[in-house]
Amino acid sequence: RKKMSQAGNLREDTEEAGPSVDSENPEERIAARRLRIAARSEAKKRQELGDDSREKKEIKEEARKSQHQVEQSEKVPLGLCYCYDGTELVTNIQVAADSRESQHQTEVEEAHRLRVEKLENEAKSSLEKFEEITRKWTVAKMKEIPQDLRDSLSSQQQLCALLIEDKNKLIHELQKEMKLSDDRYVKDLKKQAEDVDLMIERMEDQVKFLMGSYRDELDQIENSFEHERKILLTGNRKKWEQYTKERRDKELENVTQRMKRVEEYEVLLQQLRTEDTEEYNMIKIKLDTDVQILEQQLQQMKATYQLNQEKLEYNFQVLKKRDEENTITKSQQKRKITRLQDVVNNLKIKCANQEKQSREENQNLTDDYTRIMQQYKHMQKKMRHFAAIDAKKFEEVWLMNEEEVKALVEKALDTDRLVHEQQLGLAWQRPSLAFMERCGPLQPQRQTQKTAHQAISELLQEREGSEGEHSGTVSVKMVKKLLELLCDEAGFLIESKLLKLLSPLEKDEQSLMKLDSIFTAMGIESEEDVYKLADFFMKYRHTQGEQTQVRRGGGREGELAASHQPSMLGLGGRDDTEDAAYWEAMGDVIPEAKLKIWGALEAALDKYHIVLTERSKFITDTQSLKQQNTELRMLLHQYVNSRVCVVCVCACDCIERVCVQNVFANLTTRPLNLSTFFS
Amino acid sequence: MTATMSKSPGAGMYPPVAKLNLAADPRKMRRIIAEDPEWSLTVVPLLSNLCLQHIVRNFEEKPILEELLPRHKDYVLERLSPSLPLQVTANLISDDGYWKRCCKQRWGLCDVSSYGHSWKRMFFERHLENIIELYIPDATDPKTVLGMVPLCRNYVKRLDISQLMPPIKEPQKSEDDDNSDSASDMGMDGPSMDHFDFGILLDKLSHLEEFHVVYRVKGCGMNFEWNLFEFTFRDCESLAKALKSCKTLRVLRIHQSKVDDEKCRQLVNNLLDHPSLRELNLSHNLIGDRGARAIGKLLNRSKLERLTVYDNNIRGLGAQAIAYALAKNSSLLSLNLRLNRLGDEGGQAIAQALLKNRTLKWLHLGGNEMTEPTATVLSQVLVQNNTLRSINLSCNRLGMDGGKVLEEGMCHNSSMVECDIRLTEVGQESDYCISQVVRNNRNQAHRKHNTDENLA
């Protein structure tokens, strides 16, 4: 902005302080002219701009926005041109100095060149002269005449003087030049100082001018503000006066109203006062009477109060004593409570110990139980195994015996047939042997099983029948009794937990539940099984009573007591009543009559035997005789061989042969006689 | 305390009568003194205040600051003496108020805006500059400079060395005092004329961004001697190495230091591929064509954005070298070749380069002895190039014809915002036309700028 101001100011200063048109320096003149032109154009422009700015300000005043106004006046481009032109004005001096300097440089250069030329010329000419002189020296040396020599010497001297003079001249000239240039330097310095002063002056002027113009602008802005303020002030004052007037009126009105009201209120107050005094008197009288009554009452109340006080004091004493008693009893109770507390604690500890013990016991027992159960199961297994083996053995034994018996029967029959056919000569008829056919090696057992089943079913039927026939009530009773027994006896089958649970129930229900659990433990599921069980017990008692099947019953008693298993019941129910008959039938194959015949036959045969033994005795006798014969013959031979008795030997042989044949013939005929003997 | 203090001037002012009469002193009669902010009813100062005062008094031996409450910290900072040794305060105190007091006490006139509004930075930069400016080689201990490094390393961003002292040894008698060339020759064989070696300093300042240096003596007055204004080869060598080692440097300015071609080449050689250098200013030196060639080489081996070599001795050949680099360059934004001797040869070369270049925005070719032929090429540039914003052709004898040519070129241009053709002997008409076009462009740009701002 300063520069702008400088520019503005310069315009006016140009005429006074700037390079003048009349100056000697042509550059200065040119610069001055240029400045004048610039100044004129500037002046024109400034007028326009100034007008513009003023107009603008007025417009803004109308707009009444002071801020806006300031901005606008800032924007006024009046400085813009000033800036450049102002700097131009200032730099004009510099430019002029520059041009001077460059001119000076060229001049110096030129002068330098000239000087060098001159010096060279001078050097050349002086050299020539010097050469002339030297040449003359040789000429002078040639001279022999002293006058000539003096002349020549003087001429030489003159020449030398001339040369020196020339040189001196040159030196003088150069010194002059130097002095000139020194002067010039001083002048230049002065000129420069002047220039600088001028520049400063111009700058200051510019600053002044711009400051002035800005101040004007500022004044204008301030004026506008002032104006605005005045308008505002007058407006506000008018309003203020109006409002104060209104207020005054209102206050007056209020005052009059208040006066009126005060008067009214005073009248009212008076009225109220009289009314109130009357009322006051009335109430006073009434209250006096009231006071008297109340005083009387107070006396009464005091009397009663005295009485009550005494009573209460007595009561208080009594209560105090009671309280003391209570405290004593309380302390006693407390002591008791502590004692009991101790007992309770002891008992609790004991109970805990007990519980612990019982728990341990229980644990042991359950362990035992499991162990025993395992053992029991093991035993059962063994038992079943043995039962199976027994059955098999039984079967084998049975088969073996049967075979044996059958063989015996067959043998008996065979012997019977032989006896009949050979000894008695009778026709033998085979007796009807149905059982012989029936009992093949495997058949008899199956049949017995079947029969066992059948027997059981029959038994059941019988039982049912008997139930239906005569003792329906008895059997129900029996069953009930039996179940109760079972309940009591088979308690070990029921779980301990269940027992605990059942304890609060009724007896019937208890037994029912117990039975249910027992049955589940035993595997009895249907009604049939129940009846089977009952039947078994009945039968067991029956058999015990009759003692017919001691062997088996005894064996089975333990079994039953242990297991009560229905499968065992099925096996144990095998019937052996038939067996005896069966075996007896086997035994009775040969009837009594036949045995009698066999007895007779035996006797006859015994007699025959005796006969035969006799015969055998005879045979042996004959044989010994024969031996004697042969020995005799041998002796005979020996004699014959002595050529005398050959003929006799032959004759003896023949005799012998005849004898033996006779004996055999006797023997063969005998059996025929025997048969005839038997018949 | 304040009451008595305020009383004393009153007592001094009035005759002894006032002293006798207590009622005459109005302060004695008042219960509350509202205009004195320090006044308080309490007679005995607070213990905390006493402690703080003690801290302030013994700050040099035992600096306690960070541990204090913010309120107390302010109290202490307000009362610390600005003359405390820097070893204590440099890295401990960051409060600007303290450093403001330091600056004011030391220099009186301070413009903090040019130091990024940081008083601390200003203090350390100016302090270091003072030390270097008063450094006399061989006489001053380099530790005075190096001792400052750890204290000011974090705060110094710019160094503006306005003078460098030569050694005090008996200056060698120069034969020709009036000739600058011979004086510079003298510097080469006078090793004793070396100045402060920046190599020991620059690589340690890790935040240095700007470095301005002038190899001369300020205010020598009548003790003037040419060899006070020397920039020896060894100086150049050490400076170049130091610059190379300073990786954060952004701006380098070496003014009025008689940098000739050789030194320029040496400097440039060490600045090649510098990672952060953005601005190079070698004005008021003696750089000729060879130096210009070196600068041209630098243009495309760095990220330079601003190159300023005005008031040098660059002629047509050097300008051609720069133009060659410029044609291929894509980073340079500003080029200033004022007051050189480019002539038409150089001017044309630069203008030709501008036909290709698409980044340069600001060009100053004032006072370069250019004439009409350059103007014709530049008019082409004006037509074709639309990145160039500002061109300065002042003090060149373009002549009437050149002006017309430029005017034609300018008619087709819409990007130029500044065009300086003062003192170029251009006709008034073309001058006027050109200024009109520039003004239009400027207004457009301004409007665009405004709309952009409003949008933002």
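1. Cys395(B) counts as buried because its relative accessibility is 9%, where buried means under 20% relative accessible area, exposed over 50% and partly exposed in between (1.4 Å probe, protein chains only). Cys395(B) sits in the loop between β8 (390-392) and α18 (399-411) of chain B; helices (H or I, at least four residues) and strands (E, at least two) are DSSP runs, numbered from the N terminus. The phi angle of Cys395(B) is near 60°, a positive value in a residue other than glycine. Most residues other than glycine have a negative phi.

2. The model is predicted, so local features need pLDDT of at least 70 and side-chain atom pairs count only at pLDDT 80 or more, while totals for chains, interfaces and linings use all residues. Residues are numbered from 1 along each chain as its sequence is written, chains are lettered from A and ligands numbered from 1 in the order in which they are written, and side-chain values use heavy atoms, with hydrogens and water left out.

3. Glu369(B) also has a positive phi, near 55°, in a residue other than glycine. Its place is the loop between β7 (362-364) and α17 of chain B. Glu369(B) counts as partly exposed because its relative accessible area is 34%.

4. Helix α17 of chain B covers residues 372-384 and contains Ser379(B). Ser379(B) counts as buried because its relative accessibility is 9%. Neighbours within four places in sequence aside, Ser379(B) is in contact (heavy atoms within 4.5 Å) with Val405(B), Leu406(B) and Gly409(B).

5. Chain B has 19 helices and 9 strands. Of its 456 residues, 48% are buried. Among contacts in chain B between residues at least 6 apart in sequence, 77% join residues at least 24 apart.

6. Chain A has 16 helices and 0 strands. Of its 679 residues, 21% are buried. For contacts in chain A with a separation of 6 or more, 75% are accounted for by residues 24 or more positions apart.

7. The interface of the two chains brings 24 residues of chain A into contact with 22 residues of chain B. Chain A and chain B bury about 2100 Å² between them, with 51% of it on carbon and sulfur atoms; buried area is the accessible area (1.4 Å probe) that two parts lose on being put together, summed over both.

8. The rule finds 3 salt bridges across this interface, a salt bridge being a side-chain nitrogen of Lys or Arg within 4 Å of a carboxyl oxygen of Asp or Glu. Glu109(A) forms a salt bridge with Arg315(B), and the closest N and O atoms of the pair are 3.5 Å apart.

9. On the side of chain A that touches chain B, α2 (26-63) and α4 (78-142) of chain A each supply at least two residues. The helix that gives the most to this side is α4(A), with 17 residues. The residues of this side divide into 7 nonpolar, 8 polar and 9 charged. Ala, Val, Leu, Ile, Met, Phe, Trp, Tyr, Cys and Pro count as nonpolar, Asp, Glu, Lys and Arg as charged, and the others, Gly among them, as polar.

10. An unreviewed UniProt entry places the feature "coiled-coil region" at residues 109-136, 164-206 and 284-382 of chain A. UniProt positions are given in the numbering used here, feature names are shortened, and annotations may be inferred rather than shown by experiment. In the model, residues 109-136 of chain A are 100% helix and 0% strand, and the end C-alpha atoms of this span lie 40 Å apart.
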